[in-house]
Amino acid sequence: MEAAVPEFAGRVRERFGAYRHHVLATLRKDGGPRLTGLEADFRHGELWLGMMVGSRKVFDLRRDPRFSLHANPGPGTDLSAGDVRVSGRAVEVTDPGLVARYAAAVKPPEPFHLFRAELTEAVHTSVEDPYVVLESWVPGRPLRTIRRTSGDAALRVV
């Protein structure tokens, strides 16, 4: 995403950087959604997900690596910086050197599990009165922008 759409990637990274805790969605064994809190971290052009040993989200991701991560909206309801979510596949990091480098920089409670996110989608939603603007990026495709109002019968894709 950084290489393909750097300005958009910067806004996504900035939105996640505004708060430390976010909401992670994983898939339970029965296929139902599981929502849990998570600290996400952008480092070296990648999104990293650190988790407590034995947490349900670790088992979920080991079984099915698909996830969505919603940025903390913060206080109030104005969403002046917009609303951001990313989806993808979580790849567990087992290389001791990488885990140690991450731990030295982030200083998480140890022991922990570390996953690297391979993004399959990023969405930024904002308001440009009178429109709600949805920007969506998928690898290998250009950034797509949709502007609409609640009175629109059809979507306008630009």
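## The second largest pocket

In this predicted model, the residues lining the second largest pocket divide into 8 nonpolar, 1 polar and 3 charged. Strand 3 and strand 6 (112-128) are the elements that each give two or more residues to this lining. Strand 6 supplies the largest share, with 3 residues.

The space in this pocket comes to about 200 Å³. To find the pocket in the structure, you can look for its lining: Met1, Glu2, Ala9, Phe42, Gly45, Glu46, Leu47, Ala117, Glu118, Leu119, Trp137 and Pro139.

## The largest pocket

How much space lies in the largest pocket? The volume is about 460 Å³. Its lining is made up of 23 residues, and those nearest the centre are Arg20, Glu39, Ala40, Gly50 and Tyr102. Helix 1 (6-17), strand 1 (21-27), strand 2 (33-43), strand 3 (46-52) and helix 3 (96-106) are the elements that contribute two or more residues each.

Which strand gives the most to this lining? That is strand 2, with 6 residues. Sorted by class, the lining of the largest pocket holds 12 nonpolar, 5 polar and 6 charged residues.

## An enclosed cavity

Rolling a probe the size of a water molecule over the atoms shows where empty space is left. Across the whole structure, a search for cavities of 30 Å³ or more finds 1. The largest cavity has a volume of about 60 Å³.

Around the largest cavity you will find Arg43, His44, Trp48, Leu98, Arg101, Tyr102 and Leu114. Helix 3 gives the most to this lining, with 3 residues. By class, the cavity lining has 4 nonpolar, 1 polar and 2 charged residues.

## Aromatic rings around Tyr102

A pair of aromatic rings is described by the distance of the centres and the angle of the planes. The whole structure has 3 aromatic pairs. One of them joins Trp48 and Tyr102, whose ring centres are 6.1 Å apart with planes at 40 degrees, so the pair is tilted. Trp48 belongs to strand 3 and Tyr102 to helix 3, so this pair ties together parts that are 54 residues apart in sequence. Are these two residues buried or exposed? Trp48 is buried, at 7% relative accessibility, and Tyr102 is buried with a relative accessible area of 7%.

Tyr102 also pairs with Phe112: the ring centres are 6.0 Å apart and the planes stand at 45 degrees, so this pair is tilted as well. The pair links distant parts of the chain, with Tyr102 in helix 3 and Phe112 in strand 6, 10 residues apart. Phe112 is buried, as is Tyr102. Together, Trp48, Tyr102 and Phe112 make one aromatic cluster.

In strand 1, the covered face has His22, Leu24 and Thr26. The uncovered face of strand 1 has His21, Val23, Ala25 and Leu27.

Strand 1 has pairings with two other strands to explore. With strand 2, strand 1 runs antiparallel and is joined by 7 bridges. Ala25 stands opposite Leu35 in strand 2. The hairpin of these strands has 5 residues between them, and in it Gly31 takes a positive phi near 90 degrees. Strand 1 also runs antiparallel to strand 4 (residues 66-70), with 3 bridges joining them. Here the bridge partner of Leu24 is Leu69 in strand 4.

## The nonpolar core

In soluble globular proteins, nonpolar side chains tend to be buried together. The largest nonpolar core in this model has 23 residues. Which residues have the most contacts inside it? They are Leu47, Leu49, Met51, Phe67, Leu69 and Val86.

Helix 1, strand 2, strand 3, helix 2 (56-63), strand 4, strand 5 (83-93) and strand 6 each supply at least two residues. Strand 6 gives the most, with 4 residues.

Definitions and conventions:
Residues numbered from 1 in each chain as written. Predicted model: local features only at pLDDT ≥ 70, side-chain atom pairs only at ≥ 80, totals over all residues. Heavy atoms only, no water. 1 Å grid on protein atoms, 1.4 Å probe; cavity = no way out; pocket = protein on both sides within 12 Å on 5 of 7 lines; lining within 4 Å. Points joined across faces, edges and corners; volume = space filled by probe spheres on them. Nonpolar A, V, L, I, M, F, W, Y, C, P; charged D, E, K, R; others polar. Buried < 20%, exposed > 50% of the residue type's maximum accessible area, 1.4 Å probe, protein only. Pairing = 2+ DSSP bridges. Phe/Tyr/Trp six-rings, centres within 6.5 Å; stacked < 30°, edge-to-face > 60°. Core = buried A, V, L, I, M, F, W, Y, C linked by side-chain atoms within 4.5 Å.
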